[in-house]
Every structure is written in structure tokens, then in C-alpha cells.
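Subject: Structure for your review

Dear colleague,

My notes on its helices follow, and I would ask you to read them with the structure open.

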Amino acid sequence: MTSIAIVGAGPQLGLAIARTFGSQGYDVALISRNRAKLDDLVGTLTAEGITAAAFPADVLDRDTLTQALKDAATRFGGIDVLEYSPVGSFGITTLTAPAGTEPSHVEFEMNFQLYGAIAATKAVLPAMREAGGGTLLYTTGAGSIWPDPRVANVNAAAAALRNWAMNLHKELAGTGIQAAHVGIDSSIGVSVIPGVEAARPEQISPMYWELHTTKRDEDELVFKLDAEGGFPRG
């Protein structure tokens, strides 16, 4: 059996990625904080003939996140693909400009983005090493590449995650395990930042399948609305 664990699963990009992999026969483990919303996603996917299960966890709670991924691996016989893309909720995530940023603003985002990704990776990587294969995909907004001063604290943590993921790609070269960053240069579903257009989730999700299958040598793909899809960095 093959499976994907989606950390930060929601009704937009997470659902689209689940459909992309599920349509190829992958079992889907959905991980996020809200059990009720996860159950709704499981119901949607099940009705479409995709095997899915919910594993509630908060990425800020390392132990719970690790356990959720272990439970998913037990349920589906392992995790072949990890996709990490949690999104902060309005009212919880504070957006700050550079000069107005306090250390605490970046600290929260680092916990949410980088440290959560590291914890999730440590939960699945040993089994991937033992199996000699796997895929690790980390999603941020394109501010990790092209900073936007309106969201400087979020960009700082996203850039740290991007750097770490691309270094992981280099470390894992030759092991059969792919690590890559996905940068999304748009809003998803609806525009939330003035001047940033929104893309449909199903426009973005095929990039993840490409990285897992045909673009395993790439350390990054970037989605832009004015492109046909993702394209390699540089």
C-alpha cells in the first residue's frame, strides 16, 4: 500500500492534494487541529472512493504531532509521502512589517512553520530510510523567496523552512528519499492580501504529484498564476 500524510489538512489545498494522490490509489492521513473539520474531509474523500482517516494534532504540540504520524503509519502500513502545509488562523497569526516585528512575532511563526516541520520529519524519516524511499514536501508562501514587508515575520520563518528543506534535499541525495520546497505565489481559494491574486487549489496540487514522481531531482517548485504550473527554481 502507498500513503500520504497531509499535515495542516484543510478544505482548500489539503483536500486538493488528498484528491490528487487519492485518485492514484494512495491512502490519505489527514492531520490538523480540528477533529470535526477533519471528519468532514474524510467523509468527502470516502464518498469519492478514496481511503482516508483523521488524526487530530496541533503542530505546536510536538508529542501529539509525532503520535498522530505514528498512528497514521500504523493504520496505513507506513507513510510514503509527508506534506507539511499548516496555515495559521486569523486572530492567532499576527502579521507584522519589519520595523514593527517583535522577537515573539517571529518565534511563534518559527514554532508553527520550521519547528513543526522538523518534528514531523523526524517522525517519518527513520522508516523512509529503512525502506530506502519516500517523499518529504514542505509548503510556504512565495514570501519565503520574494519577501513581502507586509508579512515580514511570516516570511522570515517561511524562509527558514525553505532553507532547511533545501538543505535536507542535499543531505538525502542518493538515499531514494526526495525532499523539496513548494512555494506558492498566490492566495488559495480567496485573496487575503491586497494585490495577491487567488488560485484554485486544483491548479496547485498537481505540482506535489510531479515532485513525488517525475521531478524527484528538484529541490523546489514554485507556483505562479501567470505560469501553466510549477517550475524549478532558477
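Helix H1 has these buried residues: Leu 13, Gly 14, Leu 15, Ala 16, Ile 17, Ala 18, Thr 20, Phe 21 and Gly 22. The helix runs over residues 13-22 and is mostly covered, with 9 of its 10 residues buried. Please keep in mind that this is a predicted model.

How do H1 and helix H2 cross? The axis of H1 and that of H2 (residues 35-47) come within 11 Å, and they cross at roughly 30°. Because angles under 35 degrees count as roughly parallel, H1 is roughly parallel to H2. Leu 15, Ala 18 and Arg 19 of H1 make the contact with Leu 41, Thr 44 and Leu 45 of H2. The crossing of H1 past H2 is right-handed.

Helix H3 comes next. Which residues of H3 are buried? They are Leu 65, Ala 68, Leu 69, Ala 72 and Phe 76. These residues lie on the same side of H3, because they cover an arc of only 95° around the axis. On the face of H3 turned away from the buried side are the exposed residues Asp 63 and Thr 74.

The buried residues of H3 pack against strands S1 (3-7), S2 (27-31), S3 (52-54) and S4 (81-84), and against helix H4 (103-131). Just after H3, Gly 77 takes a positive phi of about 75°.

The axes of H3 and H4 come within 9 Å and cross at roughly 40°, which makes H3 oblique to H4. H3 passes H4 in a right-handed crossing. On the H3 side, Arg 62, Leu 65, Thr 66 and Leu 69 take part; they meet Asn 111, Tyr 115, Gly 116, Ala 119, Ala 120, Ala 123 and Val 124 in H4.

Leu 125 also belongs to H4. Is Leu 125 buried or exposed? Its relative accessible area is 12%, so Leu 125 is buried. Leaving aside residues up to four places away in sequence, Leu 125 touches Leu 136, Leu 172 and Ile 177. Leu 125 and Ile 79 are 46 residues apart along the chain, while their C-alpha atoms are separated by 9.2 Å.

The last helix in these notes is H5. With 20 residues, H5 reaches 29 Å from its first C-alpha to its last, close to the 28 Å expected at 1.5 Å a residue. The buried residues of H5 include Ala 152, Ala 157, Leu 161, Met 166 and His 169. Among the elements that cover the buried residues of H5 are H4 and strands S5 (134-141), S6 (177-185) and S9 (220-224).

Asn 155 lies in H5, which spans residues 152-171. Its relative accessibility is 10%, so Asn 155 counts as buried. Apart from residues up to four places away in sequence, Asn 155 touches Gly 143, Ser 144, Pro 147 and Asp 148.

Yours sincerely,

A colleague

Definitions and conventions:
Residues numbered from 1 in each chain as written. Predicted model: local features only at pLDDT ≥ 70, side-chain atom pairs only at ≥ 80, totals over all residues. Heavy atoms only, no water. Buried < 20%, exposed > 50% of the residue type's maximum accessible area, 1.4 Å probe, protein only. Helix = DSSP H or I, 4+ residues; strand = E, 2+ residues; numbered from the N terminus. Arc of directions from axis to C-beta. Contact = heavy atoms within 4.5 Å. Axes fitted to C-alpha atoms, helices over the stretch in contact; angles between N-to-C directions. Parallel < 35°, antiparallel > 145°, perpendicular 65-115°, else oblique. Left-handed = near helix turned anticlockwise from the far one by under 90°. Expected span 1.5 Å × (residues − 1).
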